[in-house]
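Below are some comments on the model under discussion.

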Amino acid sequence: MKYQIEWYKANTDRTYKEAATEEQKKRTEIEIAQLHDGNPYNDKIRQV
């Protein structure tokens, strides 16, 4: 029983970290595109 609980915790932790990494990757791509879109008034990076 304890093994199953530890396995579940490890699996959910990995899933969470993968999702957080994917979100950060998308945010970085958007920020890079925002910096290079040619709009001089849209050059600040926001933290959401």
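**Notes on the predicted model**

1. Lys17 is partly exposed, at a relative accessible area of 48%. Partly exposed here lies between buried (under 20% relative accessible area) and exposed (over 50%), with a 1.4 Å probe and protein chains only. Its salt-bridge partner is Asp13, the N to O distance being 3.3 Å. Asp13 is also partly exposed, at 35% relative accessibility. The two residues, Lys17 and Asp13, are 4 residues apart in helix 1, about one helical turn.

2. On conventions: this is a predicted model, in which local features need pLDDT of at least 70 and side-chain atom pairs count only at pLDDT 80 or more, while totals for chains, interfaces and linings use all residues. Residues are numbered from 1 along each chain as its sequence is written, and side-chain values use heavy atoms, with hydrogens and water left out.

3. How many salt bridges does a search of the whole structure find? The search finds 4. A salt bridge is taken as a side-chain nitrogen of Lys or Arg within 4 Å of a carboxyl oxygen of Asp or Glu.

4. One of these salt bridges joins Lys9 and Glu6, with the closest N and O atoms 3.7 Å apart. Both residues lie in helix 1 (residues 2-35), 3 residues apart, or about one turn. Lys9 is partly exposed at 47% relative accessible area, and Glu6 is partly exposed at 40%.

5. Arg27 and Glu23 also form a salt bridge, at 3.1 Å from N to O. Their spacing is 4 residues in helix 1, about one helical turn. Glu23 is partly exposed, with a relative accessible area of 46%, whereas Arg27 is buried.

6. The secondary structure of the protein chain consists of 1 helix and 0 strands. Helices (H or I, at least four residues) and strands (E, at least two) are DSSP runs, numbered from the N terminus. With 34 residues at 1.5 Å a residue, helix 1 should span 50 Å, and its end C-alpha atoms are 49 Å apart, which agrees. The expected span is 1.5 Å times one less than the number of residues.

7. Buried residues account for 6% of the 48 residues in the protein chain. In helix 1, Arg27, Glu31 and Gln34 are buried.

8. The protein chain exposes about 4800 Å², of which carbon and sulfur atoms supply 57%. Accessible areas come from the Shrake-Rupley method with a 1.4 Å probe; for residues, only the protein chains shown count as cover.

9. Which residues form a nonpolar patch on the surface? They are Tyr3, Trp7 and Tyr8, with about 460 Å² of accessible area together. A nonpolar patch joins side chains of Val, Leu, Ile, Met, Phe, Trp or Tyr within 5 Å, from residues with over 30% relative accessible area and no salt bridge. Tyr8 is in helix 1 and counts as exposed at 53% relative accessibility.

Technical notes
Patch = residues over 30% accessible without salt bridge, like charges linked within 9 Å, V, L, I, M, F, W, Y side chains within 5 Å.
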